[in-house]
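Me: Could you take a close look at one part of this protein for me, the sheet and how its strands pair? I'd enjoy a connected walk through it.

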Amino acid sequence: MDSVLAIAALSFVLGALIAFIFFRSYLLKKRSEVRTIAKPELHSDPKKQSKPPQSISKKSHPKSHSHASDKDSNKCHHPLDLNTLKGHADSVTGLCFSPDGHNLATACADGVVRIYKMEDASSKSFKFLRINLPVGGHPLAVAFSDDASSIVVASQAMSGCSLYMYQEEKPKTYNDSKQQTKLPLPQIKWEHHKIHDKQAILTLTGATASYGTGDGSTVIASCSEGTDITLWHGRSGKILEHFDTNQLKNSMAIFLLPQQRLQRM
C-alpha cells in the first residue's frame, strides 16, 4: 500500500514538474516576442534619426521619375498615337479636318466649337479659334465649307435642329502699310432652323462640286436620324436636293470621290 502511494506521489511530482517547465518556456517565448515587437519603438537607433531629410528626398527622385515615365507610357494607347488635344469641357460629338489638312474642327456638348491650327501635329500646344453657338443649342456635327475659314455647324435645341455657316472676316486695311493684326471672330453668314422636321442630325459631310457642271464650291450633306438627307450649297446655304426613302432610317451619309456621289447608310 505504501509503495502504491509512493508511486502516485512521485507521478504527481513529475507531472507538476513537466507542466512547470512547459509553461515556463511558453512564457519566456511570449516575453521575447513582445520585446522584439517593442524594440523598434523603445530602442530606436539615434543614427537613423540623425540622417538629414535631404537623403530621403534624393532617394525618392528616381522613383518619381520612374512614375512619370510610367504615366507617359500609359498615355500611348497605340503606336500611331501622335498627340492629344485638350480643352473641351464635355464629350466631343463631331470633328472634321479642313481640305488642306492644317485645321481640325471639333464640336463639343458644352456648346463650343473649336478650330485647331495644326501646322505641327507633334506640338505640345495648338492655337485654336473658339466659336460659341447661340444660347440654347449644342453642336452635333461640323464640316468645312469652301476653305478653312468657313465652317458649317449642326446644332440641336429644344425647338429642333439648326444649321449655321460661320466664316472669318478678312482683316480690314486702314492704310497701305498698316493692317489689322488680329483677325475678327467668325460671323454667321447664313442659318436655317427647324430642318429635318425637328429631328437630330447624325452627320455632316462636305465635298467639292467639281464633277460635271459643278462650280467648284462645297456641297454639304446633312443626314438626319429619320429617313431624309438634304444637300446644301455651302457658300449660300441654298437647298440643292432633298432625299427621303420613307422606309429605312439613316445611320450616316458620305460623299464618294471622284464622282461626287452620295452614299447613304
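Reply: Strands E5 and E6 run antiparallel and are joined by 6 bridges, with E6 covering residues 150-157. Within this pairing, Val 142 sits opposite Val 153 in E6. Please keep in mind that the model is predicted. The two strands belong to an open sheet of 4 strands, ordered E5-E6-E7-E8 and paired antiparallel. At its edges lie E5 (138-144) and E8 (187-195), each of which pairs on one side only. On average, neighbouring strands in this sheet are turned by 20 degrees against each other, direction ignored.

Strand E2 (residues 103-108) runs antiparallel to E3, with 5 bridges between them, and Asn 103 stands opposite Lys 117 in E3. E2 and E3 make a hairpin with 3 residues between them, and Gly 111 in the turn has a positive phi of about 90 degrees. On to the next partner: E3 also pairs with strand E4 (residues 127-132), again in the antiparallel sense, over 6 bridges. There, Arg 114 has Arg 130 in E4 as its bridge partner. Strand E3 (residues 112-117) is mostly covered, with 5 of its 6 residues buried.

Definitions and conventions: Residues are numbered from 1 along each chain as its sequence is written. This is a predicted model: local features need pLDDT of at least 70, side-chain atom pairs count only at pLDDT 80 or more; totals for chains, interfaces and linings use all residues. Side-chain values use heavy atoms; hydrogens and water are left out. Two strands pair if DSSP finds at least two bridges between them. Axes are lines fitted to C-alpha atoms, for helices over the stretch in contact, and angles run from 0 to 180 degrees between N-to-C directions. Buried means under 20% relative accessible area, exposed over 50%, partly exposed in between (1.4 Å probe, protein chains only).
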